[in-house]
Amino acid sequence: MNQVNKQIKHPLDDLLRTDRIPHIWCPGCGIGTAFSSCLTALKSSGIDLKKTVMISGIGCTGRGAGYVKLDSYHTTHGRAIPFATGMKLANPELNIVVFSGDGDLFAIGGNHFIHAARRNVDLTVVCVNNFNYGMTGGQVAATTPYGIKTTTTTKGNSETPFNLPLLAYASGATYVARWTILHARDLTESIEEALLKRGFSFIEVLSPCPVNYGRRNKVSALDTLKLYQEKTIIKNRVHPMELDIDFERGVILGKFVDEEKPTFMDRYDKIYRPMEPMEEEQAL
Amino acid sequence: MRQAVLTGEHFITGDVACAEGALAAGCLFFGGYPITPATEITEHISSQLPEVGGTFIQMEDEIAALAAVIGSSCAGVKAMTATSGPGFSLMMENIGLAICTETPCVIVNVQRSGPSTGLPTQGAQGDMMQARWGSHGHYEIIVLSPSSPQEIFYQTITAFNLSEIYRLPVIIMTDEMIGHLSERVIIPKARAIKTVSRPRPKGRKDRFKPFKPGPNGVAPMAIAGEGYNIHVTGLTHDERGYPDMTVEGQDEMMSRLTGKVRQNLDDIISTEAYRLDDADIVIVSYGVSARTSLAAVDEARKQGIKAGLLRLITVWPFPEAQIRRLAKRVKGFFTVELNLGQIHLEVQRCVAGIVPTFLIGHPGGTIMPPERVVETLRARAKIT
Ligand code: SF4
């Protein structure tokens with residue numbers, strides 16, 4: 001029996017550090033699904049995986065970089081994006097995926113997100129949004145809906161959450177999409193598209209955290225998936241203003257922005273290294 | 001395009017000499033954020049870096065500046081940032097990341113008076129302990145302190161070389177006075193400048209362990225995109241780079257991280273002696289204060305006090321053995337610095353009560369007048 005088991009190979013095994021499995025994610029957690037969509041997209045996109053890097057910050061999702069069998073960097077809390085910016089600028093040939101959570105990218109790291117989007121650094125940012133700080137036991141985040149209970153909002157969250165696609169759009173991202181882990185196929189396609197896109201791409205993935213968020217608000221992983229099925233509407237190209245998350249009214253998924261704009265490096269080269277392309281032209 | 005090494009004689013500030021030193025060392029990435037009195041380094045390198053094929057970016061804050069520097073170094077380029085007190089404070093967490101992930105980079109702190117916003121345009125040497133211990137956890141780090149624009153040029157090259165050899169962040173602790181001082185700086189021909197690059201892995205990619213130390217305690221460094229599929233983390237990790245959350249794992253990693261500095265002290269530490277051979281009284285100083293102390297030594301000698309200067313070129317790791325040796329044959333130590341006693345405490349620790357130790361310090365804003373040093377020596381000479 002053991003022998004048979006050994007021969008079974010998951011199609012993503014060659015992209016996984018199998019010697020690091022089992023992973024730390026809880027049963028019912030959505031991160032694994034988002035992660036495998038990301039790996040599938042990396043494979044199907046046809047990009048050179050040798051030249052592909054995954055960078056994470058800190059948190060449950062931040063552990064993603066530790067499981068992918070690519071050059072992978074697990075950085076400081078909130079700083080995956082500026083780290084990735086430096087890496088991309090140092091070697092523009094690299095394909096860089098930032099895979100991290102909502103707390104990491106939008107609370108402690110929020111400033112870096114808006115600036116990288118504004119600069120249009122050629123990065124693919126995948127944010128698993130589970131509406132709370134999972135790793136530290138379920139505290140309120142910049143994405144926690146109004147009224148939701150967490151360990152630091154025991155009577156309910158009194159703040160307003162970010163609309164992440166709107167923030168990305170307003171900051172200048174050239175590709176913005178939102179899916180849930182239930183929409184694994186659309187999500188995978190979207191990540192693939194984003195990987196092939198030149199410019200700052202952002203994909204929000206709604207995902208259950210049954211252990212911390214769910215337990216306190218009396219929603220199981222299954223309840224959340226049901227919500228994802230029944231209370232979501234796919235509407236591509238909708239204005240990001242309409243993307244506030246409200247499961248009572250319905251949550252809009254889809255691709256909202258897909259534009260062409262020169263990247264940071266395009267413009268930097270044009271202004272600061274104008275000689276190089278001219279020399280090439282002369283050579284032709 | 002210009003040459004990376006700006007060979008010739010120049011009349012430039014310490015800040016500009018620092019930027020030129022970086023270019024001469026082969027720096028190809030600078031992540032910056034403006035702050036007085038380090039801004040001129042950032043400004044100068046921003047215009048010159050693309051001319052030598054490098055990239056400059058002004059980030060949104062100093063946290064991002066150092067994060068970008070570490071990221072670029074992981075992609076294989078020599079990288080630097082420059083700041084002053086408030087920005088240096090913001091960099092502390094990522095200094096720890098560079099230490100833990102063994103990523104070479106150079107950080108310049110042109111010190112001004114603190115705490116907080118302090119005296120933004122006036123120098124001090126109040127961040128010396130922060131440079132040693134500012135990031136959390138116990139670690140070893142290399143810190144240099146230049147005393148002139150000419151020296152900051154060379155020390156910047158040395159800082160890059162040491163950071164590449166030992167795979168750690170190297171900090172240059174200069175000060176507003178040296179940073180803004182214009183002086184003659186001679187830049188030699190490129191071939192006279194020795195530059196070093198990090199050790200790189202050889203052999204089978206699938207068996208490579210990215211944190212397995214080589215003979216001098218330093219592991220060869222694989223860079224992103226080379227096909228080694230490395231994992232790099234700020235978590236405690238084993239030789240494979242994999243998280244290891246055990247007491248033994250922590251112990252092993254820490255002995256690797258500290259060992260590479262502790263086992264190479266002779267190669268790393270550099271000091272300069274001035275009239276020390278027959279001295280009874282040792283002045284220990286660094287940076288701008290070492291420079292003003294030179295005049296104090298000469299004046300004290302004229303007045304019959306046999307003083308000499310031990311100038312710390314490397315401040316951390318601390319030249320402990322040297323201080324201990326001197327303590328056996330001199331009558332006293334005076335540490336001259338622009339703070340209220342930081343390196344002084346270290347001198348005191350090393351002298352261990354064998355002879356008296358004194359601080360000649362003030363909290364910053366101006367240099368230490370040589371007269372005050374001489375007066376203190378005279379007042380204390382009886383005691384020693
Ligand atoms: S705490 Fe929540 S987000 Fe973290 S692994 Fe568990 S279920 Fe997932």
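Buried area is the accessible area, taken with a 1.4 Å probe, that two parts lose on being put together, summed over both. By that definition, domain 1 and domain 2 of chain B bury about 1,900 Å² between them, with carbon and sulfur atoms giving 54% of this area. The structure is a predicted model. Chain B and chain A bury about 3,200 Å² between them, and 56% of that lies on carbon and sulfur atoms.

**Domains of chain B**

- The domain assignment of chain B places domain 1 at residues 8–192 and domain 2 at residues 271–379.
- Taken over C-alpha atoms, the centres of domain 1 and domain 2 of chain B are 26 Å apart.
- The contact between these domains involves 27 residues of domain 1 of chain B and 24 residues of domain 2 of chain B.
- There are 2 salt bridges between domain 1 and domain 2 of chain B. Glu183(B) and Arg291(B) form a salt bridge in which the closest N and O atoms are 2.2 Å apart.
- Between domain 1 and domain 2 of chain B, 20 residue pairs are in polar contact, counting pairs with both residues at pLDDT 80 or more.
- On the side of domain 1 of chain B that touches domain 2 of chain B, at least two residues come from each of β6 (119–123), α5 (128–133), β7 (142–144), α6 (149–166) and α7 (176–180) of chain B.
- That side of domain 1 of chain B is made up of 13 nonpolar, 9 polar and 5 charged residues.

**Interface of chain B and chain A**

- Chain B contributes 41 residues to the contact, and chain A contributes 38 residues.
- Within chain B, the residues that lose the most area to chain A are Glu60(B), Asn229(B) and Tyr242(B), which together account for 18% of what that side buries.
- The interface of chain B and chain A holds 2 salt bridges. Arg240(B) forms a salt bridge with Asp19(A), with 3.9 Å between the closest N and O atoms.
- The side of chain B that touches chain A receives two or more residues from each of β3 (55–58), α3 (62–74), α4 (85–101) and β10 (231–233) of chain B. Of these, α3(B) gives the most, with 8 residues.
- By residue class, the side of chain B that touches chain A comprises 23 nonpolar, 13 polar and 5 charged residues.

**Shell around the ligand**

- The residues surrounding the ligand are Trp25(A), Cys26(A), Cys29(A), Ile31(A), Cys60(A), Asn130(A), Gly134(A), Cys209(A), Pro210(A) and Asn212(A).
- This shell has 7 nonpolar and 3 polar residues, and no charged residues.

**Backbone features**

- Most residues other than glycine have a negative phi, and most peptide bonds are trans.
- In chain A, the peptide bond from Ile21(A) to Pro22(A) is cis, with omega near 10°. Pro22(A) sits in the loop between α1 (2–7) and α2 (31–44) of chain A.
- In chain B, Trp316(B) and Pro317(B) are joined by a cis peptide bond with omega about -5°. Pro317(B) belongs to the loop between β14 (314–316) and α11 (320–327) of chain B.
- Lys218(A), a residue other than glycine, has a positive phi near 55°. The loop that contains Lys218(A) lies between α9 (210–216) and α10 (221–230) of chain A.

Methods: Residues numbered from 1 in each chain as written. Chains lettered and ligands numbered in written order. Predicted model: local features only at pLDDT ≥ 70, side-chain atom pairs only at ≥ 80, totals over all residues. Heavy atoms only, no water. Domains from an automatic or database assignment. Contact = heavy atoms within 4.5 Å. Salt bridge = Lys/Arg side-chain N within 4 Å of Asp/Glu carboxyl O. Polar contact = N/O pair within 3.5 Å; in protein donor to acceptor, adjacent residues only side chain to side chain. Helix = DSSP H or I, 4+ residues; strand = E, 2+ residues; numbered from the N terminus. Nonpolar A, V, L, I, M, F, W, Y, C, P; charged D, E, K, R; others polar. Near = heavy atom within 4 Å.
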